[in-house]
Amino acid sequence: MEAGGDTTAPVPGDAEDLEEMRFPSEEAEDGGGVHKDLPDPGDASLEKAGSETKDQSPSLLLQSEAPSCTYGLWSPVASEGSPLGGPEIGSGGPGGDPSDEDWRSKRKHVFVLSEAGKPIYSRYGSVEALSTTMGVMTALVSFVRSAGDAIRAIYAEDHKLVFLQQGPLLLVAVSRTPQSAAQLRGELLAVHAQIVSTLTRASVARIFARKQNYDLRRLLAGSERTLDRLLDSVERDPGALLLGAVRCVPLARPLRDALGALLRRCTAPGLALSVLAVGGRLVTAAQERTVLAECRLDPADLQLLLDWVGAPAFAAGEAWAPVCLPRFNPDGFFYAYVARLDAMPVCLLLLGTDPEAFHDMATCRRLVEEGMHSLGAMRALREAASFSDAASVSASAYSVQAVGAPGLRHFLYKPLDIPDHHRQLPQFTSPELEAPYSREEERQRLSDLYHRLHARLHSTSRPLRLIYHVAEKETLLAWVTSKFELYTCLSPLVTKAGAILAVTKLLRWVKKEEDRLFIRYPPKYSTPPAAPAASTDQASHNGLFAGP
């Protein structure tokens, strides 16, 4: 099986064909699709985008984006030898002095600052204590820019420094995790999207155009915890960001369809999007018909909304707040109505374009709640999410034992052959983490393994179709085809034939359960006629329509 070749792989519907498959020799050449390790890390280097000037300092070596994965693929140094940061004080707390050993021991830091070097956010410690460090970052970026280049990443021993310039904001990740530069850049984009969702891109640009050294923390007060939760979720559950998809609550298709129909019936003027979620996972969603005609809701925007409504501020009652969807329109915003239903972590999110529609949205909420009671959906969602009497906010999905594949411990599965692709939402599924991944350290190690697999499959220099690796504590198999993307973790005692059998059973099980695991046909609807047209000034603040 050649890396990046056109070899047709079995799809879930043809899972029986996998039993006839044999993996290539473990002694495959460099062009093969199965690799057990990578070359050792190269020299420390500085990556630039732009002109290839040869006048740089001798201590800095220019290189392309391809070597962004300069660590050994299965090197245990980053994942097992590095301290794991537990709950720490965020950007508003004390500490953060670079000389502090506890601060320096963190595996990954994320910084946000302005072009003028004004600190905005730091994952650990206080931004005031890190102002000098951020000033050095700004000076380094400015120095490289003066030569007509843009700094993208620096590699130094076991550390990677990734830079991302987004308008007047500079985001920096300093990491010694196994994540590639591209994966770290994706995290920085998610952090930037979270900031934009609060202020909008146009507002941020306008603020710094007027005053370059403006302290943006004044407008982001209270958002630090949201950014902390975002970065924590990437560490503990990387599936959403890694696969660019959202996870759905497993639910019988008839009930999910009934809930979708309920959302279609409960509409209001200006309502653009209705989302029903539980424990940060999607139950169903319905978009207004004209929105579907123009674009598809980006999974990054939907995941941002799911994380947003998981904030403690929305733990009870109802709320009304503006929110921007950066992938849809980074310069405008919607008005969001958020409510918890029936004293449960079942959340209803309604996005509209009318700033005066709070009471109309509250009426929709009552209709949805009554309809869910009549359908018996509350009890079904309680069972699907395995809620306790304490109303846990984490929605359990299912056990890996449900697959019936001996030796299978965990997996991530993303279907690519989805129907009606032009308006379908990218989704993925995975079971709950169970023993031996019950402890935080083991979950972190599994997350690192998934990041390594993903980086090798999607390498810009030499992408692979299949990776099979036997490690000390588990056997790993990653596989991407035109039909699906799959990452599996199996017992270290599983043989190659046993791994093939386990993956075959998994694909068959997913095919059988796909209507329960995924939203196959998202519902759509048309809203009632809107109120009289708003003024031009009001329309300019509308997140939906920027043009005629």
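Accessible areas come from the Shrake-Rupley method with a 1.4 Å probe. On that basis, the protein chain exposes about 24,000 Å², and carbon and sulfur atoms supply 52% of this area. The model is predicted.

## Overall composition

The protein chain holds 15 helices and 19 strands. Of its 548 residues, 53% are buried. Among contacts in the chain with a separation of 6 or more, 67% are between residues 24 or more positions apart.

## The packing of helix 4 and helix 6

Two packed helices are described by the angle between their axes and the distance between the axes. For helix 4 (residues 181-199) and helix 6 (residues 224-236), the angle is about 155° and the axes are 10 Å apart. Angles over 145 degrees count as roughly antiparallel, and helix 4 is therefore roughly antiparallel to helix 6. The crossing of helix 4 with helix 6 is right-handed.

On the helix 4 side, the residues in contact are E187, A190, V191, Q194 and I195. Helix 6 contributes T226, L227, L230, L231 and V234. Sorted by class, the contact between helix 4 and helix 6 comprises seven nonpolar residues, two polar residues and one charged residue.

## Backbone features in loops

| Residue | Phi | Location | Relative accessible area |
|---|---|---|---|
| E157 | about 55° | loop between strand 5 (149-156) and strand 6 (159-166) | 77% |
| T200 | about 75° | loop between helix 4 and helix 5 (201-210) | 5% |

Buried means under 20% relative accessible area, and exposed means over 50%. E157 is exposed because its relative accessible area is 77%, whereas T200, at 5%, is buried.

P436 is placed in the loop between strand 15 (427-428) and helix 13 (440-457).

Leaving aside residues up to four places away in sequence, A339 touches G317, E318, V346, C347, L348 and R365. A339 and L350 are eleven residues apart along the chain, and their C-alpha atoms are separated by 8.9 Å.

R264 belongs to helix 8 (residues 253-265). Its relative accessible area of 33% makes R264 partly exposed, as this value falls between the 20% and 50% limits. R264 and A285 are 21 residues apart in sequence, with a C-alpha to C-alpha distance of 9.4 Å.

Conventions. Residues are numbered from 1 along each chain as its sequence is written. This is a predicted model: local features need pLDDT of at least 70, side-chain atom pairs count only at pLDDT 80 or more; totals for chains, interfaces and linings use all residues. Side-chain values use heavy atoms; hydrogens and water are left out. Axes are lines fitted to C-alpha atoms, for helices over the stretch in contact, and angles run from 0 to 180 degrees between N-to-C directions. Helices (H or I, at least four residues) and strands (E, at least two) are DSSP runs, numbered from the N terminus. Angles under 35 degrees count as roughly parallel, over 145 as roughly antiparallel, 65 to 115 as roughly perpendicular and the rest as oblique. A crossing is left-handed if the near helix is turned anticlockwise from the far one by less than a right angle, and right-handed if clockwise. Contact means heavy atoms within 4.5 Å. Ala, Val, Leu, Ile, Met, Phe, Trp, Tyr, Cys and Pro count as nonpolar, Asp, Glu, Lys and Arg as charged, and the others, Gly among them, as polar. Buried means under 20% relative accessible area, exposed over 50%, partly exposed in between (1.4 Å probe, protein chains only).
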